[in-house]
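Please view the sequence and the structure first.

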Amino acid sequence: MHARLLLTRPEQDAARLRRDLEASGFAIDTAPLLRIQPLPAEIALDGIRGLLVTSANGLRAFTAQSARRDLTVYAVGEASARAASAAGFADVHAAGGDVNSLAALVRAQADPRQGGLLHVAGETLAGDLKAMLEAAGFQVARVTLYRAEAASALPATVAKALGAGDYDGVLFFSPRTAAVFAGLAPKMAPERITAYCLSAAVAQGLAGLPWRRVAVAASPSEAALLALLDEE
């Protein structure tokens with residue numbers, strides 16, 4: 001089991017995971033590589049019966065601007081589903097961790113004749129969920145509720161530890177986070193460090209760095225990613 005890990009998730013997403021990993025005996029540092037900036041928007045819910053949630057950040061941004069909790073939530077994965085349940089939504093369904101599995105979940109469980117769906121999205125999209133579902137007969141609207149701003153530098157203590165090869169592993173949950181890290185750390189020393197990646201798309205963003213190993217989760221879920229830690 002690795003002794004020291006680095007989390008690169010946005011601050012709100014990293015807090016719970018940090019607590020869980022520390023409770024399992026890991027030493028954890030954090031370097032949020034994306035800062036979530038909520039965006040004001042007009043949220044039109046007439047005719048909407050469900051929310052499409054591709055990020056817990058989108059769910060949090062929605063709940064900050066709307067009191068509606070009676071909508072069905074179709075969440076991309078377990079983390080966004082947990083955020084929806086914690087926010088007071090009662091009818092929550094979780095997909096397998098990526099936009100394709102979310103589209104499949106909606107096609108299997110929802111009836112396009114029962115009302116429209118609203119994708120509570122960020123400025124940067126991973127796949128065109130709206131187009132996927134519209135092709136299956138669903139009415140889908142999209143509202144942009146947040147911007148993920150890239151960090152301009154790594155925290156000084158993190159950069160020093162990376163340069164010294166002091167981390168056993170770094171956890172990456174999104175292609176954009178991986179790309180930001182690769183841009184900020186090209187001269188670090190990751191050859192002694194394992195990169196733990198949520199998916200092959202995430203790993204692709206790290207391909208230019210000389211990692212000790214790049215480990216990819218068996219499925220795009222937090223549980224599958226954390227399972228990699230037990231394989232060492």
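E222 and R82 are joined by a salt bridge between their side chains, with N and O 3.8 Å apart. A salt bridge here is a side-chain nitrogen of Lys or Arg within 4 Å of a carboxyl oxygen of Asp or Glu. The two residues lie in distant parts of the chain, 140 residues apart: E222 belongs to helix 9 (residues 222–227) and R82 to helix 3 (residues 78–86). Helices (H or I, at least four residues) and strands (E, at least two) are DSSP runs, numbered from the N terminus.

E222 is buried at 8% relative accessibility, while R82 is partly exposed at 36%. Buried means under 20% relative accessible area, exposed over 50%, and partly exposed in between (1.4 Å probe, protein chains only).

## Model and numbering

The model is predicted: local features need pLDDT of at least 70 and side-chain atom pairs count only at pLDDT 80 or more, while totals for chains, interfaces and linings use all residues. Residues are numbered from 1 along each chain as its sequence is written, and side-chain values use heavy atoms, with hydrogens and water left out.

## Other bridges

R142 and D128 also form a salt bridge, with their closest N and O atoms 2.9 Å apart. This pair links distant parts of the chain, 14 residues apart: R142 is in strand 8 (residues 140–150), and D128 is in the loop between strand 7 (116–122) and helix 5 (129–134). R142 is partly exposed at 32%, and D128 is partly exposed at 38%.

D111 pairs with R113 in a salt bridge at 3.0 Å between the closest N and O atoms. R113 is exposed, at 74%.

## The whole structure

The whole structure holds 13 salt bridges. A network of salt bridges links R9, R16, D20, R82 and E222.
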